[in-house]
Amino acid sequence: MASRIGAILRRIARSYVLFVVIGVVVGLALAPVAWNATSSDGTVAIVPVAGTIDGGTSAGVSAMLQRARSDSDVKAVVLLVNSGGGGAAASEELYLQTKRTSQEMPVITSVDAAAASGAYYTIAPSDHIYAKPASTVGSVGVLATTPTALEPTTVVSTTGPNKLTGGDEREFNYILESLGNAFIGAVFEQRGSEIQLSRSELEQARIYSGTQAVQNGLVDSIGGRQAAVEHAADKAGLDSYDVRVMRPDGTARFLSRSNYVASTAPNKTMVSATYLYGEEPSGPVFLMVPATYLNPANDSATAGTPPTAAGRLSPSPSATAASGGTHVA
Amino acid sequence: MWRELGKRLVVLVLTVAVVLAVVAGGSTLLQSETERTSLQNPEYEPDAVVPDPIEATGTVDPNPDAAADDTGTIVIDRGHANRFTRSDIEPLVDALVREGYHVEFYTDGDLATALEDADAFLVIDPGSEYLPGDIEDVRQFTGNGGRLVMIGEPDRTAVSASLFGTSIATQESRLTTLASRYGMSVDTQYLYNQENADGTFKHVLARPTSGELDGVEETTMYTAAAVTARNGDVLLRSAPNTIKSGSDEVTGEYPVAVERNNVLLLGDKTFMQGNRYRVADNEQLVAYLAEFMIEGDYEAPPEVGGDANGETGADDDSDASTPTANATTTATAET
């Protein structure tokens, strides 16, 4: 008896057929996983652009877009934007990233609470922009604290007259103007055929509601994330698709309460305007944010912000913004 | 036996792999690496983005009428909380001094006395209105050949800090009572121009409209107000498509310098600042201003009767008409 069992076992061990059968069974058991991975035509990657755009945000979003571009599964990108802009150079980096991505695959944007200034710069190369009626977009422009007129003294010596300030107020305005021209030129390059505003009108740097923006062409249509995802899949020619939500590392920082409230970022915090331009601006900080975001009144919403932010000595952008835009000589 | 089993296990693993490969399809393996192309950014073409700075060269070189005195006195108002610094007037003062003129400040006291020996009276951005007595003194002065130059500013916002935080106050050019007696007024809104500007939109360009300003093609003003004069001549108008703040959809060419007989009104004091007066043809405008003042020739009316005459004359033409008959003919000839 025992020898017969032993013989059967030996035969089983010698039989190829049985192992092939087992192989097929195991393979089919794993098949759904493989099927799921490839049955869809591709993936739509959702890349959030949340919070004030600084180097960190810019690096995070750039990394996500790079991953999306290098991943052969990803056929389209949806930018989920909820930001009032931020630093000028960081915003420009994001613009270039979006532009590059949109040259490789469809990029559709969905605006949450706001895509103002630098954030609008970021999304300008999108193929289609969705906003909600309560979204705010626009504020196309740059602001910076004008350097205080200083002269080299016996206390601070320099090798040249402009070493301290970088140039006088008039020259500084030329610098600022060239930044503004680049911004406006880029917006028109990307959306010139859609925008109904003249160059000067856009330069006024107004903010618009989502519905107003549809009228003037800064935005293409009203819609939320789902519309953006479907549009992206459709544009990429995907009948069936997966959606992958990318998550940035770190904490999203917000200057504006409305952006903060609308944000779905897992880690978020409110920051005061001093986060961008500092307590005592020592040099020009080029910002692409609506000046209302720098209003000291926003600071009260921030836990742990020194109350002195409103009492700054220099005429900060916030103070001038509060005054309604005029500036003292 | 174990070797036999090992062989079969290898077969098993291979079978699993073949099944998965068949299910997944070869598509993912066949995808080629997309070629990396460099990003073209024509929108950042420096020539299109960088604005051309306006040249800042030239010197103030007044060339007053030969008939003008070689010497005289210009009185600058300091008695009405006027807001200007030494740097604001220095290029003008320098030109006047080089022409042999004295510059005096009026701070308080009787304005008529202060103007007695003057040829021209310069009022820059006063912080308080002129009282009727002072206005009469100035009218009597201009009615007898003295020249009046008023320089206004749009409403400016002053940001100041104190223990209680930042406070914001509006500064107004209180020229209304004085200027209105000459049929002139200064607007409260600042002008801006997004197409023609010196660097930024608030630095507007102004161009001459008449032949008065020889050699001036373009001047720059750093925060200017529109000015008006009834029956006056417009010397300078802002460049096309200038906008008044607050009326963003209305564009125009607003007058920023007007002249009527021997009164001149400007809507900006910044064009002659120490670090701005060379920009564009500002130096020519400063020179014109100096000439205008130098060419004034006030002759105090004789004590007896003359005073009364002068005042009657001023009253006669009341609010808006010309200060003197002589000036009227000049104005008619000009228009």
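Colleague: In which order do the strands of the open sheet of 4 strands in chain B lie?

Modeller: In this predicted model, the order is E10-E7-E12-E13 of chain B, and the pairing is antiparallel. The edges are formed by strand E10 (225-229) and strand E13 (251-252) of chain B, each of which pairs on one side only.

Colleague: How many bridges hold strand E7 and strand E12 of chain B, and which residue stands opposite B:Tyr192?

Modeller: Strand E7 (residues 184-192) and strand E12 (residues 242-244) of chain B pair over 2 bridges in the antiparallel sense. Opposite B:Tyr192 stands B:Ile243 in E12(B).

Colleague: How should I read the pairings of strand E11 of chain B?

Modeller: Take one partner strand at a time. Strand E8 (residues 203-208) and strand E11 (residues 233-238) of chain B run antiparallel and are joined by 3 bridges. E11(B) is also joined to strand E14 (residues 255-260) of chain B, by 4 bridges and again antiparallel. One residue lets you follow both pairings: B:Leu236 of E11(B) is the bridge partner of B:Pro208, and B:Leu236 has B:Ala257 as its bridge partner in E14(B).

Colleague: Which residues make the contact between H3(A) and H4(A)?

Modeller: From H3(A), the contact is made by A:Gly55, A:Thr57, A:Ser58, A:Val61, A:Ser62, A:Leu65, A:Ala68 and A:Arg69, and from H4(A) by A:Ala90, A:Glu93, A:Leu94, A:Gln97, A:Thr101 and A:Glu104. By class, this contact of H3(A) with H4(A) has 5 nonpolar, 6 polar and 3 charged residues.

Colleague: What do the length and the burial of helix H8 of chain B look like?

Modeller: Helix H8 (residues 282-294) of chain B has 13 residues and spans 18 Å from its first C-alpha to its last, close to the 18 Å expected at 1.5 Å a residue. H8(B) is mostly covered, with 12 of its 13 residues buried. Among them are B:Leu285, B:Val286, B:Tyr288, B:Leu289, B:Phe292 and B:Ile294, and also B:Asn282, B:Glu283 and B:Gln284.

Colleague: Which residues of helix H6 of chain B are buried?

Modeller: The buried residues of H6(B) are B:Val138, B:Arg139, B:Gln140, B:Phe141, B:Thr142 and B:Gly143. Helix H6 (residues 132-143) of chain B has 12 residues and reaches 16 Å between its first and last C-alpha, close to the 16 Å expected at 1.5 Å a residue. Just after H6(B), B:Gly145 takes a positive phi of about 100°.

Colleague: What is the general rule for phi in residues other than glycine?

Modeller: Most residues other than glycine have a negative phi. Two residues here may be set against that rule. A:Ser139 has a positive phi of about 55° although it is not a glycine. A:Ser139 lies in the loop between strand E6 (136-138) and helix H6 (169-191) of chain A. B:Ala280 likewise is not a glycine, yet has a positive phi of about 50°. B:Ala280 is found in the loop between strand E15 (263-266) and H8 of chain B.

Colleague: Are A:Ser139 and B:Ala280 buried or exposed?

Modeller: A residue counts as buried when 20 or more other C-beta atoms lie within 10 Å of its own. A:Ser139 has 26 such atoms and is therefore buried; B:Ala280 has 24 and is buried too.

Colleague: Where does A:Asp220 lie, and what is it in contact with?

Modeller: A:Asp220 lies in the loop between helix H8 (210-216) and strand E8 (221-222) of chain A. With 19 other C-beta atoms within 10 Å, A:Asp220 is partly exposed. Leaving aside neighbours within four places in sequence, A:Asp220 is in contact with A:His128, A:Ile129, A:Tyr130 and A:Glu194. The C-alpha atoms of A:Asp220 and A:Glu194 are separated by 7.9 Å, and the two residues are 26 residues apart along the chain.

Conventions. Residues numbered from 1 in each chain as written. Chains lettered and ligands numbered in written order. Predicted model: local features only at pLDDT ≥ 70, side-chain atom pairs only at ≥ 80, totals over all residues. Expected span 1.5 Å × (residues − 1). Pairing = 2+ DSSP bridges. Contact = placed C-beta atoms within 7 Å. Nonpolar A, V, L, I, M, F, W, Y, C, P; charged D, E, K, R; others polar.
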